[in-house]
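Visitor: I would like to see how the labels in a structure description are decided. Could you take me through some of them?

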Amino acid sequence: MDERGWTDVEERIEAALRNRSPALRRQLCLLIQVLDWMPLLRYGRRFSALGAEARAAVLRRLQRSPALVLRRGFWGLRTLVLLGYYGRPEARRAIGYRADPGGWEARRRTTAGEGKGDEA
Amino acid sequence: MIERSYDVVIVGSGAGGGTAAVGLVPLVEQGHRVLVLEQGPRLADEEFTGEELEMAEALYADAGGFLTADGTMTLAFGQVYGGSTAVYTGTSLIAGPHVIEAWDIPGLTHTDVTERSRQYMDQNNVHLLEPELINENNSLFQKGCEAAGYEAHQFPINVKGCLGSSLCNLGCPNGAKQGTDRVQLPAAELCGVEVVTRAEVLRLEERAAMVRVSEKPPSEKGAPSEWEPGEYRVSARMVVLAGGAVGSPALLLRSGFGEHLPRLGERFTCHPALILVAEHPRPITNDVGHPKSFFVDRADEEGYVLETCMYFPFVTAKSLVGFGEEHSRFMAAFPRLQMILVLACDRATPGNRVTIDGAGRPVVHYRFTDEVVRALALGTRASARIFFAAGALRVHAPLASPTTLGAGEADRIDERVRPEHFTPGTVSVSAAHLMGGCAMGRSERDSVTDGWGRVHGIPWLRVADSSLFPDSLHINPYLTIMALADRTAEAIRLDAGELLAAGAEAGGGETEVAGGGPAATA
């Protein structure tokens, strides 16, 4: 994903958080801080300074944490990232999602355009 | 503070509120004034675009992301003209006799619920979808059930002119789904019932609702409110609560009724659900066509119901456990995905209830009981068998570790899918059948209302929504909500002479009234 894509992801997350309670936004900020400093003991570096593999390992531990507060915090962060990523039309197109308000008729047109015949 | 006065105020416009509105038209014809207050907006037809995030923001409370108190379950409920009927799939089932009999509510019989449900099935064009309009996501479920030994039934649905957009849960972009937003509310408005949107009821006082009407933010969908933005005191000789299983008990609690009604907020159930996903070797028609045509009912035997379903990219991504390569592989297979919803038939359980926080906002406390977790595991096993019998290559099973089951493991499903793999906060659980909180019963010792939605000891206050359910329904609830709201409306019509006349003698409910609360009226 290019720079513009990441900006789009961030903007969608910010938009989603705009109408949420200040308390939730505060919790989120705190969690991101905790996540960033958590790897310091094990890796000697903050999360933001780790490579992709080490980051994934930290996130997996967070996901499986015995503490519900950390698991649900991770789940919330993951949800926001997925919202930002799959909320983009480019991502929906890339995975082949094709729902259209025009339903069957629209699908027939699209499929005929692709020369694949009628699926319905 | 702006003063307004009505004979009956209905709070909420969903399956319950819309039904109550049309049920009170005879009062309007007698010269009484009936008002519906809806917290959400009224959207124009062209605003239903099917875009996942923008429609979720416009139609659902908290954009569909309302969480239980411990953050382990998402509750989806509509906050728009028509309430959750704007965002359901329109599946229309009549409650089973054993469920209504088990509720054991004086005066409430299965025959009565059935007759009233049928009336709304007729009104809302409920029928079985024509076979040629059923997509492969659904037909594969039926095929898998046959091969794996499960009995699949077809859902009757309430659509008229369905184009098969698959976007029901984002509000039908073609106006085909016959919810209260399309049928009951417009009919009631045509007969003189007033509906005011963007109107949040902050609290109730003695025969009055304190209401905040919000301005339409420039960037949001929907029309401005029918009333000028501001704070209103709406006096009413009767108030009917139809704000749903979260909204109605929360409104009563923040209005101070909890002391008089010790069972307020209790008996909350919601059919906790898992969205399961399987990958087929070839593309199937899944994101075109009505999403929900079949179900398997194993409620009595194993505590779950399976339904076909099809969700959108973000919700699908959220439902898959984990992240990284395996997660992306399933998402990249979207055109080949089949989906099944596993619903646990939960039971009213002490501690699972609606309360409010310091600011009066609803808080839903929900603990997954062992029975619910077992039902989710059994439902996942059954779904995996159905997926593989239908030809799936692999299944994402949140209650397996690791979560991906390959077709080669089809004979090890029971071993791989286990209740102990359920980790709250890791597995995405959601619920859209929210029930209870103002349960029907015999007296304030065991419930909030009687079998006709009359709040115990408060004759001017009624309930007409899913909060009336004393326990879960085991099926999609909207027809039963309409049946119960129809009973509430009938009781109001019966009681109206005395109550509305009594209000008139007291000054028509238009004079300034202080505090009051339940004690003054009990």
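Guide: The axes of helix α4 (residues 52-63) of chain A and helix α5 (residues 68-86) of chain A come within 8 Å and cross at roughly 125 degrees. Axes are lines fitted to C-alpha atoms, for helices over the stretch in contact, and angles run from 0 to 180 degrees between N-to-C directions. Helices (H or I, at least four residues) and strands (E, at least two) are DSSP runs, numbered from the N terminus.

Visitor: Why is α4(A) called oblique to α5(A)?

Guide: Angles under 35 degrees count as roughly parallel, over 145 as roughly antiparallel, 65 to 115 as roughly perpendicular and the rest as oblique. The crossing is at roughly 125 degrees, so α4(A) is oblique to α5(A).

Visitor: Which residues meet there, in α4(A) and in α5(A)?

Guide: L59(A), L62(A) and Q63(A) of α4(A) meet L70(A), R71(A) and F74(A) of α5(A); contact means heavy atoms within 4.5 Å. This is a predicted model, in which local features need pLDDT of at least 70 and side-chain atom pairs count only at pLDDT 80 or more, while totals for chains, interfaces and linings use all residues. Residues are numbered from 1 along each chain as its sequence is written, chains are lettered from A and ligands numbered from 1 in the order in which they are written, and side-chain values use heavy atoms, with hydrogens and water left out.

Visitor: What makes R203(B) partly exposed?

Guide: Buried means under 20% relative accessible area, exposed over 50%, and partly exposed in between (1.4 Å probe, protein chains only). R203(B) has 35%, so it is partly exposed. R203(B) lies in strand β9 (residues 199-205) of chain B.

Visitor: What makes the pair of R203(B) and E205(B) side chains a polar contact?

Guide: A polar contact is a pair of N or O atoms within 3.5 Å; within protein, one must be able to donate a hydrogen and the other to accept it, and residues adjacent in sequence count only if both atoms are side-chain atoms. The two side chains make this contact at 3.4 Å.

Visitor: Is H280(B) buried or exposed?

Guide: H280(B) has 3% relative accessibility, so it counts as buried. Its side chain makes a polar contact with that of Q338(B) (2.7 Å).
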